[in-house]
Amino acid sequence: MPQYFAIIGHKGNPIYEAEFSIQQGNQKNLGFSQELKEMNPFILHASLDIIDDLQWQAVPSNSQYTNDNSSGSGSNFSISSTGGFLRSKNVNNTDNCYLGKVDHFYGLAITAYISYGGMKFVMIHGTSTSGGSNSTNTVVIDDNACRSFYQEIHELYIKTLMNPFYKTGDPISSPVFDSRVRSLARKYLNK
Amino acid sequence: MEQQIIYPSTSDASFKNRSTGYEYTMGPKPSLPDEYMRSPLTSKLYSESLNTKKHEISLSAMTFLFQEMISQIHKNCQSLNDFETKLDKYGESIGMRLSELLNFRSSISPGTSSRTSTFLSSSPVVNTTSTNTNTNTNTSSSMNSQPGNGPNRSRANTGTSSKDTASSVSTKSNRTSTDRHIHHTQSQQAQHTQVESLTSQISKMRRRDLKIIDILQFVHGTLWSYLFNHVSDDLVKSSERNNEYMIIDNQPPLTQFISGSNNRISCDYFICGVIRGFLTNAGFRCKVSPHLMPKDNWDNRTVYLIQFDNQVLERETIRFGQS
Amino acid sequence: MAIETILIINKSGGLIYQRNFSDTFASKLNSNDFLIIASTIHSVFAIASQITPKALQITQNNVDYVIPYIPMVGMESSNPQQNRNNNLPVKLGSFKGPDYFKESFVSWNKSGLRQLNSDQFTMYIYQTMTGLKFVALSSNVLANKPASQIGNMDKGKAQNLASQVADNFLRKIYCVYCDYVMKDPFYSLEMPIKSELFDKKVKQMVGNLS
């Protein structure tokens with residue numbers, strides 16, 4: 001299962017991006033296919049609107065869906081309900097940092113996490129075999145592993161922020177950060 | 001050519017001239033085959049724990065640092081407005097960092113480690129022996145993390161040889177926590193990476209604050225205890241205007257030695273910057289300004305007036321209007 | 001001990017702070033006179049350190065320069081314990097405790113003038129490590145007092161006590177100076193002190209003393 005991970009800043013500007021894939025021996029096809037690789041940023045950014053909306057939802061979950069419908073009929077609510085509807089079931093409702101699955105795109109699942117400072121951590125979960133043959137199969141997301149992964153990234157991000165030479169919203173270019181993120185991805189995502 | 005690229009998800013023009021973060025010509029760096037063999041790189045910044053270690057820093061050291069900061073800005077600015085904006089900017093970057101850090105720290109479940117907030121330490125007088133040991137460790141750590149503090153501390157001490165200058169004002173210097181783990185060897189450090197990560201201690205992340213009143217409570221309580229070791233003296237909502245809230249400090253410790261009420265109030269823009277950075281980063285755009293309002297025998301009583309943007313209020317009515 | 005005037009003289013002999021607390025001197029002297037007094041004290045002080053007798057200089061290591069701590073000189077008489085119970089923070093600066101300091105201290109003024117007695121006034125000088133001088137003029141005249149007024153105490157002993165109290169007091173003024181003058185970003189070194197806060201604090205302390 002390859003993943004494409006990015007941190008998005010306040011203005012929709014990307015701060016960090018990485019692609020995780022397992023490459024064992026001669027099996028070269030475990031990553032994203034070439035055309036999908038180029039599409040990844042677009043797919044990811046397309047889900048930002050939903051995340052933006054979920055960010056300010058009191059209880060970003062399915063239960064809110066019905067409440068929203070009864071309370072108002074603005075365009076905001078229609079989006080938010082879509083977001084709520086798409087989310088995976090076993091999300092802990094009291095935790096509004098981890099949003100769980102927020103969107104999907106032809107079998108690719110997109111999960112998101114919002115930090116306290118409004119940084120959006122977004123990830124595309126791909127299927128293990130590339131191409132369009134089984135793109136209808138939806139990816140199953142292990143929410144607990146995913147949440148732990150995001151929390152670890154969050155902690156790493158805060159550590160980056162503690163660097164006095166790092167300015168909020170700048171791209172993170174530290175190789176240490178990169179290697180830490182990759183080892184976390186190995187630990188939690190590609191078991 | 002570079003500037004002609006269309007960024008699909010932003011309409012903000014100011015962003016276009018900045019570095020993008022995407023290597024758009026190459027795409028993200030894929031995982032390398034031999035990565036499994038490698039242990040992750042280590043650096044001091046990422047090996048340190050984000051956990052709180054209770055630090056107290058000398059008020060003298062802090063005010064000397066603050067004084068130097070103000071005279072630097074004062075030297076390089078044309079007008080009062082300029083001065084206040086610059087000071088506000090200084091505070092803002094601190095506030096932005098704190099909004100991530102303090103929230104994350106409060107997520108740590110209380111049983112596993114020492115608590116973040118130290119509400120109102122009851123005894124303002126620390127006995128001499130414990131303070132001395134405290135001072136020593138503090139100096140060695142702040143020498144590494146913030147070079148400005150070390151010299152200032154010694155300067156404060158030479159002036160008043162035998163006096164105990166440490167005080168109970170904890171400040172930003174413990175933002176980068178001590179480097180206890182740094183002296184370990186590489187192999188030990190690999191072991192420590194598990195311990196240093198706080199995520200294992202977190203069972204549930206603290207909820208992000210979505211309402212104005214929630215986040216102001218956090219500023220009033222946790223932020224204030226982190227900065228000044230006590231909660232702020234009052235949190236008031238303006239009765240006249242909907243978007244105005246006030247945080248009140250009876251005796252702002254940082255500016256207490258500055259004479260002339262007009263000078264002092266300008267210097268309070270630093271704390272305003274911290275508040276503004278904190279709120280803005282958390283998604284509550286606002287303006288903050290200090291006002292001197294003496295009451296009873298508090299001559300320096302300062303009111304930090306927070307004026308939220310309309311968008312914040314609109315969002316609040318849309319999202320939570322019914323409740 | 002009623003303090004009439006407090007002067008602060010910088011290390012080059014310039015008067016940087018002068019405040020009268022009663023009309024005794026103020027009516028007779030103008031600011032120019034005080035400037036002259038300041039530089040005179042400064043030079044006399046320098047001369048005094050030069051004319052210390054050789055014999056005294058040799059035996060100097062026997063002299064005890066430790067000044068005992070006298071509690072609550074120039075502080076409010078209210079109980080500090082009570083203050084804390086009322087949850088009012090003790091309104092001090094960066095010096096901890098209700099009385100700024102608690103130990104005896106060694107005088108830095110080892111070779112110069114410490115006390116000047118006359119028929120009209122007594123002058124006490126406290127010199128700091130950096131050469132700053134804090135001068136207090138007191139209207140109490142110990143030299144002329146008949147023995148009966150001092151009671152059983154020896155005249156020399158009383159004088160000694162007065163000088164110790166003055167040293168303790170001036171040291172506290174120095175503490176206040178460290179806080180409210182040195183930590184004011186708008187103060188430039190060696191220049192006259194214009195801080196209202198410092199002024200207020202000094203006035204308060206002098207008021208508490210009498």
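Me: Before we start, what kind of model is it, and how are things numbered?
Reply: It's a predicted model: local features need pLDDT of at least 70, side-chain atom pairs count only at pLDDT 80 or more, and totals for chains, interfaces and linings use all residues. Residues are numbered from 1 along each chain as its sequence is written, while chains are lettered from A and ligands numbered from 1 in the order in which they are written.

Me: OK, chain C. How many residues of strand β7 are buried?
Reply: Six of the six residues of β7(C), residues 133–138, are buried, so the strand is largely enclosed by the rest of the structure. Buried means 20 or more other C-beta atoms within 10 Å of the residue's own, with C-beta atoms placed from the backbone; exposed is 12 or fewer, and partly exposed is in between. Strands here are DSSP runs of E with at least two residues, helices are runs of H or I with at least four, and both are numbered from the N terminus.

Me: Which way do the residues of β7(C) point?
Reply: C:K133, C:V135 and C:L137 point one way, and C:F134, C:A136 and C:S138 point the other way. In a regular strand the side chains alternate between the two faces of the sheet.

Me: And what does β7(C) pair with?
Reply: Strand β1 of chain C (residues 3–9) runs antiparallel to β7(C), joined by six bridges, and C:L7 has C:V135 as its bridge partner. To count as a pair, two strands need at least two DSSP bridges between them.

Me: What sits between β6(C) and β7(C)?
Reply: Five residues, and the two strands form a hairpin. In the turn, C:G131 has a positive phi of about 90°.

Me: Switching to chain B. What order do the strands of the open sheet come in?
Reply: The order is β1-β2-β4-β3, four strands with antiparallel pairing. The edge strands are β1 (234–237) and β3 (286–292), and each pairs on one side only. Inside the sheet, β2(B) (residues 244–249) and β4(B) (residues 302–308) share six bridges, with B:D249 partnered by B:T302.

Me: How do helices α3 and α9 of chain B pack?
Reply: α3(B), residues 80–107, meets α9(B), residues 269–281, at an angle of about 45°, with their axes 6 Å apart. They are therefore oblique to each other. Angles under 35 degrees count as roughly parallel, over 145 as roughly antiparallel, 65 to 115 as roughly perpendicular, and the rest as oblique. The contact residues divide into twelve nonpolar, seven polar and five charged.

Me: Last one, chain A. Is helix α5 mostly covered or exposed?
Reply: Mostly covered: 16 of the 20 residues of α5(A) are buried. Helix α5(A) covers residues 143–162 and reaches 28 Å from its first C-alpha to its last, close to the 28 Å expected at 1.5 Å a residue.

Me: What angle does α5(A) make with α6(A)?
Reply: About 165°, with their axes 10 Å apart; α6(A) is residues 175–188. That makes α5(A) roughly antiparallel to α6(A).

How values were computed
Axes are lines fitted to C-alpha atoms, for helices over the stretch in contact, and angles run from 0 to 180 degrees between N-to-C directions. Ala, Val, Leu, Ile, Met, Phe, Trp, Tyr, Cys and Pro count as nonpolar, Asp, Glu, Lys and Arg as charged, and the others, Gly among them, as polar. The expected span of a helix is 1.5 Å times one less than its number of residues.
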